[in-house]
Amino acid sequence: MGWLAVVGSGVFHGVNPAMGWLFATALGLQRGNRKALAAALPPLALGHAVSIFAVTSSALVLGLALHAASLKIGAGVVLLGWAAYHLRYGHRHRVRVGMTAGAAGLALWSAATATVHGAGLMLVPALMPICGAAAKAGLAGTLGPAALVTVVHTLVASATSAAIAFAAYEYLGLSMLRRGWINFDWIWSGALALTGAALLALA
């Protein structure tokens with residue numbers, strides 16, 4: 001169940017335009033070639049991975065020091081608070097970067113955006129079974145599981161983002177996306193809140 005959640009969250013994050021595919025599509029359309037779009041994807045994936053790893057490794061370290069129920073309650077409260085914040089202020093506090101940003105700028109933007117959106121927090125429930133296994137190995141055993149979760153999640157998210165970005169570039173265009181794409185802020189906030197509520201219910 002834990003790994004299914006890791007993969008599922010990867011798809012969900014990849015679909016969200018705020019995680020980078022819309023930016024990559026815009027770069028490709030602005031510069032008039034697919035290479036610009038393709039070149040934007042690796043740094044976006046790297047930034048996302050850095051943010052996810054920071055959260056997952058921190059959660060695993062906390063799992064060594066806290067009782068499982070305490071960790072679930074704490075994470076649940078944080079997720080509910082983050083959901084409320086994102087719903088109320090998320091649209092005002094977006095991370096900005098220019099269309100001339102290089103690879104480093106894209107990676108930094110991606111890491112900051114994923115962190116502000118609480119992307120890594122959604123993976124906390126999937127980490128619970130891994131926390132128990134990592135606790136037996138001690139602190140030295142936490143980085144491996146965190147890295148593996150990060151790699152699997154990021155690969156799925158990046159593949160999803162790439163597929164949507166190229167489809168949007170080839171068939172939709174930005175004008176269609178502005179008019180027809182769903183508002184993901186409500187869905188994202190709902191997912192954060194649902195994850196937090198589930199953790200509290202299971203504590």
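This is a predicted model: local features need pLDDT of at least 70, side-chain atom pairs count only at pLDDT 80 or more; totals for chains, interfaces and linings use all residues.
View 1. When its neighbours within four places in sequence are left aside, Ala 24 is in contact with Leu 37, Ala 40, Leu 41 and Leu 44. Ala 36 lies 12 residues from Ala 24 in sequence, and the two C-alpha atoms are 7.7 Å apart in space.

**View 2. Packing of helix H2 against helix H3**. The crossing in which H2 passes H3 is right-handed. On the H2 side the contact is made by Ala 24, Thr 25, Leu 27, Gly 28 and Arg 31, which meet Ala 36, Leu 37, Ala 40, Leu 41 and Leu 44 of H3. Sorted by class, the residues of this contact between H2 and H3 comprise 7 nonpolar, 2 polar and 1 charged.

**View 3. Packing of helix H1 against helix H8**. Helix H1, formed by residues 2-15, and helix H8, formed by residues 184-202, pack with their axes 11 Å apart and at an angle of about 155°, and H1 and H8 are therefore roughly antiparallel to each other. The crossing of these two helices, H1 and H8, is left-handed. From H1, the residues Phe 12, His 13 and Val 15 meet Phe 184, Ile 187, Trp 188 and Ala 191 of H8. By class, the contact of H1 with H8 holds 6 nonpolar residues and 1 polar residue, with no charged residues.

**View 4. Helix H5 and the residues buried along it**. Helix H5 runs over residues 103-116 and has 14 residues; the distance from its first C-alpha to its last is 20 Å, close to the 20 Å expected at 1.5 Å a residue. The buried residues in H5 are Leu 106, Ala 107, Trp 109, Ser 110, Ala 111, Thr 113 and Ala 114, and what covers them includes helix H2 (21-31) and helix H3 (34-65). H5 is followed by Gly 118, a residue with a positive phi, near 70°.

Technical notes
Residues are numbered from 1 along each chain as its sequence is written. Side-chain values use heavy atoms; hydrogens and water are left out. Helices (H or I, at least four residues) and strands (E, at least two) are DSSP runs, numbered from the N terminus. The expected span of a helix is 1.5 Å times one less than its number of residues. Buried means under 20% relative accessible area, exposed over 50%, partly exposed in between (1.4 Å probe, protein chains only). Contact means heavy atoms within 4.5 Å. Axes are lines fitted to C-alpha atoms, for helices over the stretch in contact, and angles run from 0 to 180 degrees between N-to-C directions. Angles under 35 degrees count as roughly parallel, over 145 as roughly antiparallel, 65 to 115 as roughly perpendicular and the rest as oblique. A crossing is left-handed if the near helix is turned anticlockwise from the far one by less than a right angle, and right-handed if clockwise. Ala, Val, Leu, Ile, Met, Phe, Trp, Tyr, Cys and Pro count as nonpolar, Asp, Glu, Lys and Arg as charged, and the others, Gly among them, as polar.
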